[in-house]
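Welcome! Here is a short tour of a protein model, written for someone meeting it now. Please take a look at the sequence and the structure before reading on.

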Amino acid sequence: MKKLFIFDMDGVILDSMPILRGMGIEMMLAHYTKYNITREKAEEFYDKTVGLPFIQQLNEIFSKPVFDESNRIVADLYSAAHTAMAPLFPLSPMAEKVLATAKQDGILLGLVSTTARSICVKTQAANLPFHYFAGYDPEMPKSIQIKHI
C-alpha cells in the first residue's frame, strides 16, 4: 500500500509566513487609509483571513457593503511583490530532512497551496522532490478550484 504525505507550502515547507504577513499588513496600511486602520487592526484583519488568496482576504475585510475595485489593484501589487520575493523564501528548518526521510521510505509527497501556481514554481519548494502539486490558479474555472476550509 502506497502512502502519500501532503504538505502545505507557505508556513510549512517554506518559512514564508512572516514575510507574507508583513507584506499584507503594509499593503493594507498603505492602500486603505480611508478606513483609518491602525497597525494592530491590520494585523488582526490579516490573521483572521490568513490562508485565503490575498484578493479574497481583501474582499473579506474591505468590501462591505459594496465591492471596491481597489481590492483588485492592491491584490495585483501584492502578487507582484510576492512573485519578486518568492525565490528568497527560506525552507522551513526541518523541511528538507523530513522530505528526504519520507522519500527514502518510499512515501509519495504532495504539495498544496492557495498561492498562485505561477508564484509557487519560483520558490525553493519547486526544487524539492514532490510527486504531486495542487496550487491556486486564478485562470482555473471556479467550479474546480480548491476551496478554502
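## A residue in a loop

Thr123 sits in the loop between α6 (117–120) and β3 (132–136). Helices here are DSSP runs of H or I with at least four residues, strands are runs of E with at least two, and both are numbered from the N terminus. Is Thr123 buried or exposed? Its relative accessibility is 3%, so Thr123 counts as buried. Buried means under 20% relative accessible area, exposed means over 50%, and partly exposed lies in between, using a 1.4 Å probe and protein chains only.

Which residues does Thr123 touch? Leaving aside residues up to four places away in sequence, they are Met9, Leu14, Ala86 and Phe89. A contact means heavy atoms within 4.5 Å.

## About the model

This is a predicted model, in which local features need pLDDT of at least 70 and side-chain atom pairs count only at pLDDT 80 or more, while totals for chains, interfaces and linings use all residues. Residues are numbered from 1 along each chain as its sequence is written, and side-chain values use heavy atoms, with hydrogens and water left out.

## The overall layout

The protein has 6 helices and 3 strands, and along the sequence they follow the pattern β-α-α-α-α-α-β-α-β. Of its 149 residues, 38% count as buried. Among contacts with a separation of 6 or more, 60% are between residues 24 or more positions apart.

## Two helices against α4

Let us start with α1 (residues 17–31) and α4 (residues 70–85), whose axes come within 11 Å and cross at roughly 150°. That makes α1 roughly antiparallel to α4. Axes are lines fitted to C-alpha atoms, for helices over the stretch in contact, and angles run from 0 to 180 degrees between N-to-C directions; under 35 degrees counts as roughly parallel, over 145 as roughly antiparallel, 65 to 115 as roughly perpendicular and the rest as oblique. The crossing of α1 past α4 is right-handed, a term for a near helix turned clockwise from the far one by less than a right angle, with anticlockwise being left-handed. On the α1 side the contact includes Ile19, Leu20 and Met23, and on the α4 side Val74 and Leu77 are among the residues met. By class, this contact has 9 nonpolar, 3 polar and no charged residues. Ala, Val, Leu, Ile, Met, Phe, Trp, Tyr, Cys and Pro count as nonpolar, Asp, Glu, Lys and Arg as charged, and the others, Gly among them, as polar.

Helix α3 (residues 54–62) also packs with α4, at an angle of about 145° and with the axes 9 Å apart. This crossing is right-handed too. Phe54, Ile55, Leu58, Asn59 and Phe62 in α3 meet Asn71, Arg72, Val74, Ala75 and Tyr78 in α4, a set of 7 nonpolar, 2 polar and 1 charged.

## An aromatic cluster

The whole structure holds 6 aromatic pairs. Rings of Phe, Tyr and Trp (its six-membered ring) pair if their centres lie within 6.5 Å; planes under 30 degrees apart count as stacked, over 60 as edge-to-face and the rest as tilted. Tyr32 and Tyr35 form a tilted pair, 6.0 Å centre to centre with 50° between the planes. Tyr32 is buried at 1% relative accessibility, whereas Tyr35 is partly exposed at 32%.

Tyr35 also pairs with Phe62: their ring centres are 4.8 Å apart and their planes lie at 55°, so this pair is tilted. Tyr35 lies in the loop between α1 and α2 (39–49) and Phe62 in helix α3, so the pair ties together parts 27 residues apart in sequence. Phe62 is buried, with a relative accessible area of 2%. Tyr32, Tyr35, Phe45 and Phe62 form one aromatic cluster.
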